[in-house]
Amino acid sequence: MGSYVPSGISERQEMLKKIGVSSVEELYAAVPSEMLVGSLDLPEGKSELEVSALMQEISEKNKVFKTVLRGAGAYKHYIPAVVKSVTSKEQLVTAYTPYQAEISQGILQSIFEYQTMICELTGMDVSNASVYDGATAMAESVAMCKERKKTKAYISATVNPQYLAVVKTYCSASGTDLTVIPEKDGKTDMEALKAAMGADAACFLSQQPNFYGVMEDCTALAEITHAAGAKYVLCANPISLALCKTPREYGADVAVGEGQPLGMPLSFGGPYLGFMATTTAMQRKLPGRIIGETVDVEGKRGYVLTLQAREQHIRREKASSNICSNQALCALTASVYMAAMGKDGMKQAAKLCTSKAHYLAEQLTAIAGVEMVFDAPYFHEFVTTLPKQNEVLSALENAGILGGLPTEKGVLWCVTEVVTKAELDKAVAIVKEVLA
Amino acid sequence: MNNPKNLFYTKSHEWLKKNEDGTAYVGLTDFAQAELGDLVFVNLPVEGDPVTADEAFADVESVKAVSDVNSPVTATVVAVNDEVADEPAKINESPYDAWLIQVADIEDTAELLSAEEYEAFVENQ
Amino acid sequence: MKLIFERGFEGQALCLMPACDVPECTVEGFEREQELHLPHLSENELSRHYSEIAKRVHGVNDGFYPLGSCTMKYNPKINEEAAALPGFTGIHPLQGDKNTQGCLEVLDTIEKSLAEISGMDSVTLQPAAGAHGEFTGLMLIKSYLNSIGATERKKIIVPDSAHGTNPASAVMCGFEIVNIPSAPDGCVDLEALKGAVGEDTAGLMLTNPNTVGVFDKNILEITKIVHDAGGLCYYDGANLNAVMGVVRPGDMGFDCIHFNLHKTFSTPHGGGGPGSGPVGCKAFLAPFLPGIRVGRKPCGCYKSEKAEQSFGEVKAFGGNFLVVVKALTYILTLGKEGIPEAAKNAVLNANYMQACLKEDFDLAYDVICMHEFVLTLDRLHKETGISALDLAKGLLDNGIHPPTMYFPLIVHEALMIEPTETEPKEMMDEAIAVFKELKRLAYEEPQVLHDAPVKTPVRRLDDVRAARTPVLRYSFE
């Protein structure tokens, strides 16, 4: 057993003497004695060697797929070696929120750099220091857009269902009226959107590419939203943004998204990273931490937590969000990733993703019975019909390939830059074989 | 403390200046700005918004605090001071020139104090 | 120090991506036209940039970090190693129960452990942070009240000493806040509480030990008052480190709780996250839980399920899983004896520092404390002009991370000190000597403290300028 307590018996005796008590138990005198725990019903502590072996053993009960053709909100991308090296630096790992700016310049500067990169990627003016994940970023955006007379939120049915679930939770919590705009041919039904939004519309939320991988006409969605006097929130895939139009180019007021593709492993769903960026006009509505540049008493450039009066520790029950942390280490991961990849590397990765996805789609749809479900442009995910779905997916699984995700519309496939042509050909051959 | 005699004051530290045309200006007192410290942001209503006596119509932020600004009257906003919104420091520099809103159609009034009464109130705080 | 954008030159890049082995294409009609500025460095420059960044950070690994209410204990390395196992990092969250038996075992094991430690029946690992856990716990309360038709119960009672997230979370859940004043001893004022509860009471949010570091001895009466009025009791687990394995929130009468795995269970704070804020609850609230519920199949295999009346999801997927892995590693290491051992030594350390510092400073509450205590520098400030902030800045020049300042709000010139159990007496003695020296400076050479810090990479920064004219990103123009 170890408890990482560094004091020995004699130190403890000295401390007790200084306090003026004879035992540690006396320090708990305020606790009603009938409440004291006799002994926890837990295993005894273990040596590091035993714990290490046990965790290894548990981890091996999971299956690590060599080839991953599944996305749906979690994407397997290449993580440059330098990313892991930087993000395991002990100072950065073991520090906390940079309350004391003078000894936290490293954290503060790295977040300032992160904010800049997120602004660049999304085309927006201002970014916060990050929130928990893409789903909560979307959910937090609703509160940003609400005004006294504009209280209703609208969301497309084509967003990731997990994100939709979280937005629903946040809206039902605060009593915000949320309407889901139906899907039509894999895209947001624009006529339904037009008809739904009235003068009390606060915002409309959609995703690009959407859950089915489809690229929607977000410019038109922005126009419809703005015509109703509401704000347009676009949830974007960050890798796609190196190649495809930015939320700003579509006319979005708020850009949010899941930052996991920027250097974070799949990790069974977390920790990930929610990014949020907006226009200067709406910067004070952004939730969460924001870092700003300033100078010290000698005029030297430095960074501080700023615009804090928006936040819960000052505004308390009047704050529009309760968030009091960010995913700092994940934001750092994303920064190092983007810095390592650079503009060209990001574009290359995006291009590899879309090229390989299109290759897989072509190869799969050449097989009888496998067809594209939506006739629409896509980035790196697409939906096909798939006969003998379970059989095909388990045949792939047996070959170490995690196939597409079964959804209501068909099987949702995803290809990223880490998958080689040889792996794709192998997958296609297996599908062909099962369907032959 | 130098609180102009021609103004009215509230216990929540706002001042009200009644104009001859029936409108009035509302601002923050010297005491309020000193307590809050360097103001960095002012969140004002827009023209046409109704304000209610004793209810918040704006908030002001310093680096480490935020405070509601209550209206001394029930009325309608006819003008907001954009200069103060652009440069909140003006409230710190000259609180009695830096009005926040101008109101008209005054229907109701909160409890108002004279400059002497307000000073006595602040002394006892 | 230069920003990353001010280094390197256009066109410089690492060689990371291979040539395309399939026909190239783009997403036609959707091409980005807006310029994209990202850093352009060699790997050497990139690596050095972040080494310089890391030198300008004070982590738990760099020295004493007695940041009250944040439990900055040592972050064991074995936790990091476990969380970096490819069998955890390489798992897609949607690859099915059959292929994620290990992940489900992690969730199941830690759920049972946390339930035992807290005296609860069920735990969800989905919330990503303490505040997120508060939101989740309050939604459980709201869902339960709605399910029994008690929709008129809309008020959450919060003591004035509470952390700001408590009222903010309650409002996010559509509750109204009733603030109650604390008694002179910093504990709940029973009369104020009795006056506040009623037919509109949804619940009470409380930390115990409370935010001044004192165990509220009336806790059973407090939870009874709330329950008798028909409300529920929410335990903010911010201060669980003081009592884990010694006394359980469930036994104090609480109905639900959030844990901060990044405080109590030694997972690193990462400069502000990722954390993890699991929520535990009594059985009657369990049907409303969000996230993955782990069950067993007849074969003994794990299966993931949804709670029958789940109020929804608070985050995509199952939570900050790797953080959960670290916390489980810690719990397995400490075990049944190590857990109370840690708590008791946290309390011992705090009382030792309190006993030493009260010779020179005023305590906000001069009683036996739990894992943290609060100094009030009100008198020092009046006599010398040196504020809690000035003293904190003086600590920076001595390599010590300052305590939490100006919290709780009910104490003037507050410094909240939490040494944690992982600090040796030697370290605390050094820190105590520094505190005493700073007090001497306050009376004899106050200018030194007004000027502090002078040894840090930058000196005091202009917060007002930052907020008045926000510069929130680097400009490439």
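Reply: The model is predicted. In it, helix 2 of chain A and helix 10 of chain C cross with right-handed geometry.

Me: Which residues of helix 2 of chain A and helix 10 of chain C meet?

Reply: From helix 2 of chain A there are A:Glu48, A:Val51, A:Leu54 and A:Met55; helix 10 of chain C brings C:Thr329, C:Leu332 and C:Thr333. This contact divides by class into 4 nonpolar, 2 polar and 1 charged residues.

Me: How many residues does the contact take from chain C and from chain A?

Reply: Chain C gives 164 residues and chain A gives 169 residues. On the side of chain C that touches chain A, the largest share is the 22 residues of helix 10 (residues 321–357) of chain C. By class, that side of chain C has 88 nonpolar, 45 polar and 31 charged residues.

Me: What makes helix 5 of chain A oblique to helix 1 of chain C?

Reply: Helix 5 (residues 105–122) of chain A and helix 1 (residues 43–55) of chain C have axes 6 Å apart, at an angle of about 135 degrees. Since roughly antiparallel starts over 145 degrees and roughly perpendicular ends at 115, the pair is therefore oblique. A:Gly106, A:Gln109 and A:Ser110 of helix 5 of chain A make the contact with C:Ile53, C:Ala54 and C:Lys55 of helix 1 of chain C. Those residues comprise 2 nonpolar, 3 polar and 1 charged.

Me: How do you know whether C:Ala115 is buried or exposed?

Reply: A residue is buried if 20 or more other C-beta atoms lie within 10 Å of its own. C:Ala115 has 21 within 10 Å, so C:Ala115 is buried.

Me: Where does C:Ala115 lie, and what is C:Ala115 in contact with, leaving aside neighbours within four places in sequence?

Reply: C:Ala115 belongs to helix 4 (residues 101–118) of chain C. With those neighbours left aside, C:Ala115 is in contact with C:Met120, C:Asp121, C:Ser122, C:Val123 and C:Gly280.

Conventions. Residues numbered from 1 in each chain as written. Chains lettered and ligands numbered in written order. Predicted model: local features only at pLDDT ≥ 70, side-chain atom pairs only at ≥ 80, totals over all residues. Contact = placed C-beta atoms within 7 Å. Helix = DSSP H or I, 4+ residues; strand = E, 2+ residues; numbered from the N terminus. Nonpolar A, V, L, I, M, F, W, Y, C, P; charged D, E, K, R; others polar. Left-handed = near helix turned anticlockwise from the far one by under 90°. Axes fitted to C-alpha atoms, helices over the stretch in contact; angles between N-to-C directions. Parallel < 35°, antiparallel > 145°, perpendicular 65-115°, else oblique. Buried ≥ 20, exposed ≤ 12 C-beta atoms within 10 Å, placed from the backbone.
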